[in-house]
Amino acid sequence: MPKFADIAKGPNDLLNEDYTTKVSLKCKKAAGPVAVTLETNRGSGGALSSKIGGKFAYAGLSFDKGQLTADGGSVLETSLVPASGVKVSFKGNKGADLGIDYTKGSLVATGKLDVKDMSKFSTSACMGLSSGVTLGGDATYAMSGKTGISAFNVGASYSSGPLFASVTSASKMSQFNVGMSYKVNSDLTIASSSTHTSEKPCEVVAVGGAYKAPFGDIKAKVGNGGIISACLIKEVAPKVTVTASGTVAASDLSSFKYGVGIVM
């Protein structure tokens, strides 16, 4: 059962993941009980920046992410399971959040408190029904400045065989986002995303698909404004994956940008 934040994960992932205009290298290596990750990105000026991280578990406490970045920043993410169905987590970067996830049957509930500035508390809940319908919602309560509920949204998804559809609200239910995907066969899946407001009753955000070709996985989409994007994901060696991506405006071919990502 997904969290509410992932209620529209299928179409969103197909239309957004793997597309990139960056050049990056990500290396993963086990060093005893520690899984070490080194990530390097090339900036627009050609300069390289790297960040190194690791994760491990000790005495029931999971250090899910410990990372040092090139600009001197640091990231720490930990989690603990004190009881069945309960997970307590901490995430520290520029801010610091203490979270709790609760799972029981088809119910998933979350809570997150900003423990650095004590500025807000967020919560969400999602429940699956036997008919293939999932219902959920979230809310944020501001604890500083203008206190009170600062954000709230609801959503639902439906899955039946090869069809998946989701509707989620945004901006205090002033906007509704619709995502759909359909698995044509074992190799081809198509998806669409659109937004609906009183000012723009229907705006298509993107339409695309994913195809498992003999030489690799191909993804392509057309976004609003005539932006065309495509990428190829291929495992060139055991545990070595290369992603080549490109994007261009249909009205201006000189705007072409490319990206290459290597994970090993």
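Mentor: Start with the term itself. Strands are DSSP runs of E with at least two residues, helices are runs of H or I with at least four residues, and both are numbered from the N terminus. This is a predicted model, so some limits apply: local features need pLDDT of at least 70, side-chain atom pairs count only at pLDDT 80 or more, and totals for chains, interfaces and linings use all residues. Residues are numbered from 1 along each chain as its sequence is written, and side-chain values use heavy atoms, with hydrogens and water left out.

Asp217 sits in strand 16, which covers residues 216-223. Its relative accessibility is 35%, so Asp217 counts as partly exposed. The scale behind that runs as follows: buried is under 20% relative accessible area, exposed is over 50%, and partly exposed is in between, with a 1.4 Å probe and protein chains only. Beyond its neighbours within four places in sequence, Asp217 has contacts (heavy atoms within 4.5 Å) with Tyr211, Lys212, Cys231, Leu232 and Ile233. From Asp217 to Leu188 the C-alpha distance is 10.0 Å, across 29 residues of sequence.

One of those contact partners deserves a second look. Cys231 has a relative accessible area of 4%, so it is buried. Cys27 counts as partly exposed because its relative accessibility is 26%. A disulfide is a covalent bond between the sulfur atoms of two cysteines. The test used here is a pair of cysteine sulfur atoms within 2.5 Å. The whole structure was searched, and zero disulfides turned up.

Now step back. Among contacts with a separation of 6 or more, 21% join residues 24 or more positions apart.

Two strands pair if DSSP finds at least two bridges between them. Strand 8 (residues 107-114) and strand 9 (residues 120-128) run antiparallel, with seven bridges. Five residues lie between them in a hairpin, and Met118 in that turn has a positive phi of about 50°. Across this pair, Lys112 faces Ser122 of strand 9. Strand 9 also pairs with strand 10 (residues 133-142), again in the antiparallel sense, over nine bridges. Here Ser122 stands opposite Thr140 in strand 10. Four residues separate strand 9 and strand 10 in their hairpin, where Gly132 has a positive phi near 90°.

On a 1 Å grid over the protein atoms alone, a pocket is an open set of points with protein on both sides within 12 Å along at least five of seven lines; a cavity is a set where a 1.4 Å probe fits but cannot get out; lining residues have an atom within 4 Å of a point. Volume is the space filled by probe spheres set on the points, which are joined across faces, edges and corners. The largest pocket holds about 610 Å³. It is lined by 29 residues, and Lys3, Lys91, Asp101, Thr110 and Lys112 are the closest to its centre. Strand 7 contributes the most, with five residues. By type, the lining has eight nonpolar, eleven polar and ten charged residues. Nonpolar here means Ala, Val, Leu, Ile, Met, Phe, Trp, Tyr, Cys and Pro; charged means Asp, Glu, Lys and Arg; the others, Gly among them, count as polar.

The second largest pocket has a volume of about 400 Å³. Its lining has 17 residues, with Ser24, Lys26, Gly261, Ile262 and Val263 closest to the centre. Strand 1 (23-31), strand 2 (34-42), strand 18 (240-249) and strand 19 (252-263) each give two or more residues. That lining divides into five nonpolar, seven polar and five charged.

Thr168 belongs to strand 12, residues 163-170. It counts as buried because its relative accessibility is 14%. Outside four places in sequence, Thr168 touches Ile7, Val154, Gly155, Gln175, Phe176 and Asn177. Ser193 is in strand 14, residues 188-196. At 17% relative accessibility, Ser193 is buried too. Its contacts, with neighbours within four places left aside, are Leu15, Val178, Glu203, Val204, Val205 and Ala206.
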